[in-house]
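Subject: Structure handover

Hello,

Here is the structure for you to look over. My notes on it follow below.

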Amino acid sequence: LQFLYFIEINPTADMKVQGYDFEAEEKGAEVNWDAVATSLNSTGMQATEICRAVEEIKQMMKMKKQGMKVVLAFTSNLISSGLREIFADLAKNQFIDCVITTAGGVEEDFIKCLGPTVLGEFSLDGADLRSKGLNRIANLLVPNDNYCKFEDWFKPIVSKMKTEQDTNNTEWTPSKMIHRFGIEINDETSFYNQCARNDIPVFCPSLTDGSIGDMLFFNAIKNPNLILDTAGDMHLLSKTLKGGSSVGIICLGGGLPKHHSLQAARMPGVPPLKNFVLVNTGQQFDGSETGMTFDDDISAGRLPKDCSAVRLHSEATLVFPIIMNRVFRD
């Protein structure tokens with residue numbers, strides 16, 4: 001019996017597990033989606049974690065008014081998806097203070113300004129798509145022509161940046177480059193245009209790991225020695241976070257965005273990380289950054305043990321719109 005643990009349940013204080021009762025609605029009446037969303041809290045499993053994530057982000061929005069710096073970190077596939085428009089709203093309304101993402105998470109935003117990404121299917125044959133000049137991202141399709149348009153738009157801007165480096169001693173970092181792109185695109189539907197308009201820095205230590213990197217490589221053959229100071233961005237990121245009273249992180253996905261945002265929050269002089277919401281489908285058994293548990297992060301010193309943190313094991317395009325709808329409605 002010494003190995004058995006008994007939990008005392010208080011029927012009046014503990015929440016009963018119960019889902020939404022569609023039969024309780026009047027016949028022919030429209031579904032009360034507000035009530036459905038509220039019922040998620042008592043549904044259990046990941047439904048309950050959605051509600052915990054809502055409360056955590058609401059707390060961040062409240063603390064932001066008291067000086068908290070809110071970081072939005074995400075993987076590139078989410079800019080390819082329709083979450084791009086939600087991100088743009090967050091930047092436009094200044095709900096976030098800085099962004100951490102990967103190369104694809106930068107370039108796909110600008111590519112969408114130049115040509116549409118369209119819906120396809122997960123099962124489409126890769127070789128057939130290749131022969132038709134279509135690039136598949138899950139069930140999204142990006143025509144090769146969109147990347148050609150991006151290259152035509154990109155090359156003259158980079159040439160001007162190289163000239164400014166040589167004539168004005170301008171020092172470029174990835175975040176300064178992304179800011180410049182955000183201004184140059186001049187399209188309010190662009191997430192990075194909204195970031196540039198609202199002075200929200202975007203940090204991408206892996207900026208060369210994508211189409212941007214390919215074009216920088218080929219551009220350097222004719223016009224070499226454009227310098228991108230990635231270490232300089234570490235100082236700018238630290239400076240951005242140091243200006244706050246605390247830090248909150250919303251991380252969608254894992255890998256680099258998760259690791260870099262947690263690392264930034266532990267830099268010397270940066271205020272404490274108080275709130276952390278993580279949404280991804282990773283599992284802990286492969287030892288990846290994406291799948292690490294909070295206990296793993298605490299053991300590595302990246303996550304403070306007193307940080308209020310929620311882990312939602314779900315696909316972000318499915319749950320993040322629900323989460324932000326509840327945050328904004330409440």
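Start with Arg326. Beyond its neighbours within four places in sequence, Arg326 is in contact (heavy atoms within 4.5 Å) with Asp34, Ala37, Thr38 and Val54. Arg326 sits in helix 14, residues 316-329. Arg326 counts as buried because its relative accessibility is 13%; buried means under 20% relative accessible area, exposed over 50%, partly exposed in between, with a 1.4 Å probe and protein chains only.

Some ground rules. This is a predicted model, in which local features need pLDDT of at least 70 and side-chain atom pairs count only at pLDDT 80 or more, while totals for chains, interfaces and linings use all residues. Residues are numbered from 1 along each chain as its sequence is written, and side-chain values use heavy atoms, leaving out hydrogens and water.

Helices (H or I, at least four residues) and strands (E, at least two) are DSSP runs, numbered from the N terminus.

The sheet: six strands form an open sheet in the order 6-2-1-7-8-9, with parallel pairing. Two strands pair if DSSP finds at least two bridges between them. Strand 6 (202-203) and strand 9 (308-313) are the edge strands, each pairing on one side only. Helix 2 (residues 45-64) packs on the sheet and touches strand 1 (68-74), strand 7, strand 8 and strand 9. The direction of helix 2 makes about 140° with that of strand 9. Strand 7 (residues 246-252) and strand 8 (residues 273-280) run parallel, joined by six bridges. Ile249 has Phe276 as its bridge partner in strand 8.

The helix pair: helix 5 (residues 103-114) and helix 8 (residues 174-185) pack at about 10°, with axes 11 Å apart. Axes are lines fitted to C-alpha atoms, for helices over the stretch in contact, and angles run from 0 to 180 degrees between N-to-C directions. Val106, Phe110, Cys113 and Leu114 in helix 5 meet Ile178, Phe181, Gly182 and Ile185 in helix 8.

The aromatics: the whole structure holds 16 aromatic pairs. Rings of Phe, Tyr and Trp (its six-membered ring) pair if their centres lie within 6.5 Å; planes under 30 degrees apart are stacked, over 60 edge-to-face, the rest tilted. Phe150 and Phe154 form a tilted pair, 5.7 Å centre to centre with 50° between the planes. They lie four residues apart in helix 7 (residues 144-168), so about one helical turn separates them. Phe150 is buried, at 0%. Phe154 is buried, also at 0% relative accessibility.

Best wishes
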